[in-house]
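Keep the sequence beside the coordinates as you read.

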Amino acid sequence: MKSLNARCIMCGKSYQLNEDHKDYKNLSEKNVSTATFICDRCSNKVRYEADEQRKPIKPSSS
Ligand SMILES: [Zn+2]
């Protein structure tokens, strides 16, 4: 299986993406020496924070 090195723009960690990764095709087409992407961990975090911001402020339960 083919793979490429990509660095997460959010946490800065380097990852090796396999051919079956959702971003592989997109990144390999860019033909850059170091591809950048947002890793699963960070994208989950972003999604979680976006959800939190969308929530209405809870009324105090006290
Ligand atoms: Zn990351």
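Lysine 2 counts as exposed, at 51% relative accessibility. The cut-offs are these: buried means under 20% relative accessible area, exposed over 50%, and partly exposed in between, with a 1.4 Å probe and protein chains only. The model is predicted, so local features need pLDDT of at least 70 and side-chain atom pairs count only at pLDDT 80 or more, while totals for chains, interfaces and linings use all residues. Residues are numbered from 1 along each chain as its sequence is written, and side-chain values use heavy atoms, with hydrogens and water left out.

Lysine 2 sits in the segment before β1. It touches Leu17, Asn18, Glu19 and Tyr24, not counting residues up to four places away in sequence. Contact here means heavy atoms within 4.5 Å. Glutamine 53 is another matter: lysine 2 and glutamine 53 are 51 residues apart in sequence and 38 Å apart in space, C-alpha to C-alpha.

Now the overall layout. The chain has two helices and three strands. From the N terminus on, the elements run β-β-α-β-α. Helices (H or I, at least four residues) and strands (E, at least two) are DSSP runs, numbered from the N terminus.

How are the strands arranged in the sheet? The three strands form an open sheet in the order β2-β1-β3, and the pairing is mixed. β2 (14-18) and β3 stand at the edges with a single partner strand each, so one side of each has no neighbour in the sheet. The twist averages 45 degrees from one strand to the next. For such angles, axes are lines fitted to C-alpha atoms, for helices over the stretch in contact, and angles run from 0 to 180 degrees between N-to-C directions. Two strands pair if DSSP finds at least two bridges between them.

Take the β2 side of β1. β1 and β2 run antiparallel and are joined by five bridges. They form a hairpin with five residues between them. Glycine 12, in the turn, has a positive phi of about 80 degrees. Leucine 4 stands opposite leucine 17 in β2, and the bridge partner of alanine 6 in β2 is tyrosine 15.

Now the β3 side. β1 and β3 run parallel, joined by three bridges. Here alanine 6 stands opposite alanine 35.

In a regular strand the side chains alternate between the two faces of the sheet.

Which residues make up the largest nonpolar core? There are 10 residues in all: Leu4, Ala6, Cys8, Leu17, Tyr24, Leu27, Ala35, Phe37, Cys39 and Cys42. β1 (3-8), α1 (24-30) and β3 (35-37) are the elements that give two or more residues to this core. β1 gives the most, with three residues. A nonpolar core is a set of buried Ala, Val, Leu, Ile, Met, Phe, Trp, Tyr and Cys residues joined through side-chain atoms within 4.5 Å.

Valine 32 and alanine 6 are 26 residues apart in sequence and 9.8 Å apart in space, C-alpha to C-alpha. Valine 32 lies in the loop between α1 and β3. It is partly exposed, with a relative accessible area of 47%.

Finally, step back to the whole chain. Its C-alpha trace spans about 55 × 20 × 15 Å along its principal axes. Buried residues make up 19% of the 62 residues. Among contacts between residues at least 6 apart in sequence, 36% join residues at least 24 apart.
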